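Here is a short note on the model, point by point. Please read it alongside the coordinates.

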Amino acid sequence: MRGTQLPLNQTQKVRLQRALQQLESLSSKINSNASVTVADSIPVNYEDGVLKYTSRLLGHGTSELNGEIVATVCGIVERVNKLVYVRALRARYKPEVGDIIVGRVVEVAPKRWRIEINYSQNAVLMLSSMNLPDGIQRRRTAVDELNMRSIFEESDVICAEVRGFQHDGLHLQARSQKYGKLKRGQLLTVPPYLVKRRKQHFHYLEQYGIDVILGCNGFIWVGEHVEATDDMVEEQVSKSEQQTMNSDGILTDMEEQEQVSTPLEIRQYVCRAANAVRVLATLGFIVTIEVIVEIVNLSSSMNLDIHEMLGSEFCVLVTEKEVERRTLTKKKG
């Protein structure tokens, strides 16, 4: 909730403060012990009264002070074997191999695209890491390089997977049907720590007809559902094939003729789901598909307009619902 600027009246302030206090009381003791602030002491194993650590075991966000390990940043204490470090919460995205990310193309370079992924540097998507439009596995030729803009161009929003780090930076890959260009939707940005790494980051909400992609880098895509096919990335045909002559002798674009607009109902659900993500980011709650669906259903049951979901009253109500949800979860556990 730090940095949240909501125009609350006195009643809403009291309700919000009460709900936040209840959420704090529901937090488990384990999680509270794992959270540290600057200068907090980090407990380590003792044996025979001797502190078991050396300078090589002090990881990022830690330091030695008067024979103790103290935190130098605010975050969560992580331990890997004998290594102790602090994972900062409010920090830029740190990629890991296998992460599902959503990004925006910022440059088309020779044999590669450069992608903005909310990292300290732009990621690289090589032409060889893409499925060709014809779906045939073969060596990339000069013709493929000339046709790169028919696949992705500047400002396109894409979905890909982190491949790993190489000498020229972070590399991505998009060799699956579920990866590629994203259309007819909204790109949202939330702090990366609000999106947890899970087994499934692609979600199809059948009741709404929309897709939600929770990128590990804090970029979230909400858009109209698209069936995954082998030729999701279609090769751009020549202009002579795109244009036809109508009855009046005027050239028209076949792509414009065949394009079907998104139905109004689906557009409304896209906006509701996007506003649900914005509400969660404003309140600082973890973004999960279950909570997004609950917020969308809540707004629909209350017959709220889409823009009213961003109001102070609805944010307070979502906080109170989160208290109820966590209380039920704790009782079941």
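1. Is Tyr 179 buried or exposed? Tyr 179 is buried, because its relative accessible area is 5%, and the cut-off for buried is under 20%. Note that this is a predicted model.

2. Tyr 179 pairs with Phe 202. The pair is tilted, with 6.1 Å centre to centre and 50° between the planes. The pair links distant parts of the chain, 23 residues apart. Tyr 179 sits in the loop between strand S12 (169-174) and strand S13 (180-182). Phe 202 is in strand S15 (residues 202-205). Phe 202 also counts as buried, at 19% relative accessibility.

3. The whole structure has four aromatic pairs. Among them is Tyr 119 with Phe 165, which is edge-to-face: 6.5 Å between centres, 65° between the planes. Here the partners are 46 residues apart. Tyr 119 lies in the loop between strand S9 (112-116) and strand S10 (123-130), and Phe 165 belongs to strand S11 (residues 157-166). Tyr 119 is buried at 16% relative accessible area, whereas Phe 165 is partly exposed at 48%.

4. One cavity of 30 Å³ or more turns up in the whole structure. The largest cavity holds about 30 Å³ of space. Its lining includes Val 195, Lys 196, Arg 198 and His 201. By class, the lining has three nonpolar, three polar and two charged residues.

5. On confidence, the protein chain averages a pLDDT of 83, and 82% of the residues score at least 70. Residues 47-51 stay under 50, with six contacts beyond four places in sequence. Residues 230-258 also stay under 50, with 30 such contacts.

Technical notes. Residues numbered from 1 in each chain as written. Predicted model: local features only at pLDDT ≥ 70, side-chain atom pairs only at ≥ 80, totals over all residues. Heavy atoms only, no water. pLDDT = per-residue confidence, 0-100. Contact = heavy atoms within 4.5 Å. 1 Å grid on protein atoms, 1.4 Å probe; cavity = no way out; pocket = protein on both sides within 12 Å on 5 of 7 lines; lining within 4 Å. Points joined across faces, edges and corners; volume = space filled by probe spheres on them. Nonpolar A, V, L, I, M, F, W, Y, C, P; charged D, E, K, R; others polar. Phe/Tyr/Trp six-rings, centres within 6.5 Å; stacked < 30°, edge-to-face > 60°. Helix = DSSP H or I, 4+ residues; strand = E, 2+ residues; numbered from the N terminus. Buried < 20%, exposed > 50% of the residue type's maximum accessible area, 1.4 Å probe, protein only.
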